[in-house]
Amino acid sequence: MKELLSGNEAVARGAFEADVKLASAYPGTPSTEIMETIGDKFPSLYAQWSPNEKVAYEVGVGASVGGGRALVTMKHVGLNVAADPYMTHAYTGVNGGFLIVSADDPEMHSSQNEQDNRFFAKFANIPMLEPADSQESKDMVVMGYEISEIFDTPVLFRMTTRISHSKGIVELQEPTEGTNKKYVKDSSKYVMIPSHARARHIVVEERIQKLQNFSEETLLNFVEDNGSKIGIITSGVSYQYAKEVEPNFDYMKLGFTFPLPIKKIEEFVKNHDVVLVVEELEPFIEDQIKVAGIKVEGKKYFGKQGELSPYRVAEGFHKAGIIDAVKIAEIGVEKDMFPRPPVLCPGCPHRGAFMALKKAGIAVAGDIGCYTLGVMEPLNAMDTCVCMGASIGNAIGMEKVQASDKGTVAVIGDSTFFHSGITGILDAVYNNSNVTVMILDNSITAMTGGQQHPSTGKTLMGKDTVKVDIANLVRALGVKRVINVDAYDYDQVLSVIKEEVATKEPSVILTTRPCVLMPARIMDEPFTVDLELCTACSACFKISCPAISASDETNKHDRPKAIIDATICTGCTLCAQVCPPEAIMLKSQFVEA
Amino acid sequence: MSENNYAILIVGVGGQGVLLASEIISETAMRVGFDVKKSEVHGMSQRGGIVSSHIKMAEKVYSPTIRYGQADILISFEKAEGLRALDWMKKEGVAIVSQTELIPAIVTSQKDLHYPENPVEKMREKANRVIAADADKIAAELGNPRLVNTILLGILSNYMPFPTELWLDVIRNRVKERFVDINIQAFNRGREVKLSAIEA
């Protein structure tokens, strides 16, 4: 049977076919849909959202030690969080097969950096698979579990946005019966005290030698001989781009990219006049080949930044002198186009918080989620954003050196708070910080598309569970001042921020309005603008609501008056609260003159 | 464009239904027997930002994304976004542009930014085959603004070698039962919108 599947859906299908017993993850673009697909389509496979990638990884390790095949999935920066168990996992090895999906994001479509996680394979001495389309994404998952169990090692499964989020036709197989290993207590293998770990490090080195041999033999690394004197060594989506540009070169297509099949590569290079390595981001493959004393080129023609594309690969081929001039687009680029950056949705409860923070002129240490959009003009109310949970530590440090005479506030979402904010609060309490933390609780993991988390009351598999009470949790951490505010009450939010920032002890402000999109769409009565009263002062434009735009009517200075799109206005009231002439009112209260 | 090789780029603004349209096209192409790949970006770009979906179909498809200047068909759910994406298109390609106008808040609040005047005319200066579709108006006549999607698919179907019945079958499987009839009407209204004889 054939189905059109995304790379992520194909990984989920692969896990099902490989009889995986447990999958755990924290959501992160572009990896999120793997777990969502498992939850939706394969309920026989136990799947869970963990509070962060480190815990997700450790849960997976437990399942593997216990004998079940385990899958953990994360975005590239998620593996930074899970790096602690990951690095030592190379030493312990596995019982049930273990796959780590790292979905990298070249071009940073939805990320803070574009680190190349292939280095994590080399760093930890863990073998790596890189699929190049949806079919391979499924098939390589199934093979990955076999490799994991045969070589007693975790396997890094490295995807990128274009693999995760592209769809292709996939031939499905029936699920196999897994290996169902038994749990056997083995402290010398699973308890990494120094004496055990020293012995295991030797095992790691021996294993990597065996994997090196496997890499030379496996069909995951294959050569396409088209009789060309030009050879291309490539992996992942770069293979597709290169084939699109010039299908008739010879190709060495690598699917098992750590350890590299150096002998095979040497042979390939010997048989060609020119060999180029085509890979996205860092010269991971190229540098290892060069270290082995084999002459290849690559990065200097393709660059390290951003995604490759058929166009960029064609440009690189041309620079390298192996194809004629690249035909550029016949229709020129339209210059002078306005930008269309992502914005907070109409009715988004984060808007009120950022309006107040901007008004107060306070330094804002930001964090990762939809609310990072608070940095965009015209709100422009965020000063730092580095990684998950960083806001609280950043704010503590900024406040200790008195970076801003108006005070410092950390802004963090509910899911991000559970991910890595709890220890930040503990730091603030323990170290007598005066920092104020705003937890923007919209009761969902919104940015990644609405996943459950520890205070939503539901699990990934849709079961009811406890709702962790954030206010009680921060009180238990030692915060005495915990204040709930209504995110739609601008004056209240502003006055509470001012009061808490002035207070000489740590405090938490909790905003309490749900996301307007998820889990249910919230649409209250829309507002409208009385154009007779509107003075075109532009106060409502500055709150950056997509429902508000310029009308055709202007004031005497030719400035546009405002109009509200009733089909997308959720009736949050914020624009009406900041309208000086009170020209914005509920649609039902508007009486046309 | 040849009989066995199509590259279609769909652009619009987050929330307009670009992804559903590209799902339907890809599914239809697969059932016709093409190899199909499609690619789009999720996540931050969806929050009112630009959304684009690349669809490729051929006997064998490699890259899931289209090469600059190689789209046979450009479908835009918003008129200025059609202009922005024009350079992805082949000179002889067909552009299907909904007359929908969505001016972002940033353009309203910043004086130095401007929404282009008459973007469809600007497109016609550079491309010969541009269909300005009153998809919003047709959807309003049919009583549901969310039908824009299906109307644009109806227009597209005039330029694709797929049997109408197959399109309708895929649409039937993709929409809720109570919306099937109105979507079929929308598709058929779209089929009436074509390039004029001169442009074709």
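How far apart do the C-alpha centres of domain 1 of chain A and domain 2 of chain A lie? They are 25 Å apart, the domain bounds coming from an automatic or database domain assignment.

This is a predicted model, in which local features need pLDDT of at least 70 and side-chain atom pairs count only at pLDDT 80 or more, while totals for chains, interfaces and linings use all residues. Residues are numbered from 1 along each chain as its sequence is written, and chains are lettered from A and ligands numbered from 1 in the order in which they are written.

Chain A is divided into four domains, as tabulated here.

| Domain of chain A | Residues |
|---|---|
| domain 1 | 2–217 |
| domain 2 | 221–319 |
| domain 3 | 350–512 |
| domain 4 | 527–589 |

Chain A as a whole has 21 helices and 22 strands, which are DSSP runs numbered from the N terminus (helices: H or I, at least four residues; strands: E, at least two). Its C-alpha trace spans about 80 × 65 × 50 Å along the principal axes. Of its 593 residues, 54% count as buried, a term for residues with 20 or more other C-beta atoms within 10 Å of their own, the C-beta atoms being placed from the backbone. Helix H1 of chain A (residues 7–17) is mostly covered, with ten of its eleven residues buried; among them are Glu9(A), Arg13(A) and Phe16(A). After H1(A) comes Asp19(A), which has a positive phi, near 60 degrees.

Chain B meets chain A through 48 residues, in contact with 49 residues of chain A. E2(B) gives the most to the side of chain B that touches chain A, with six residues. That side has 21 nonpolar, 15 polar and twelve charged residues. Strand E8 of chain A (residues 166–171) runs antiparallel to E2(B), and three bridges join the two; strands pair if DSSP finds at least two bridges between them. Within this pairing, Lys37(B) is the bridge partner of Gly168(A).

Notes:
Contact = placed C-beta atoms within 7 Å. Nonpolar A, V, L, I, M, F, W, Y, C, P; charged D, E, K, R; others polar. Buried ≥ 20, exposed ≤ 12 C-beta atoms within 10 Å, placed from the backbone.
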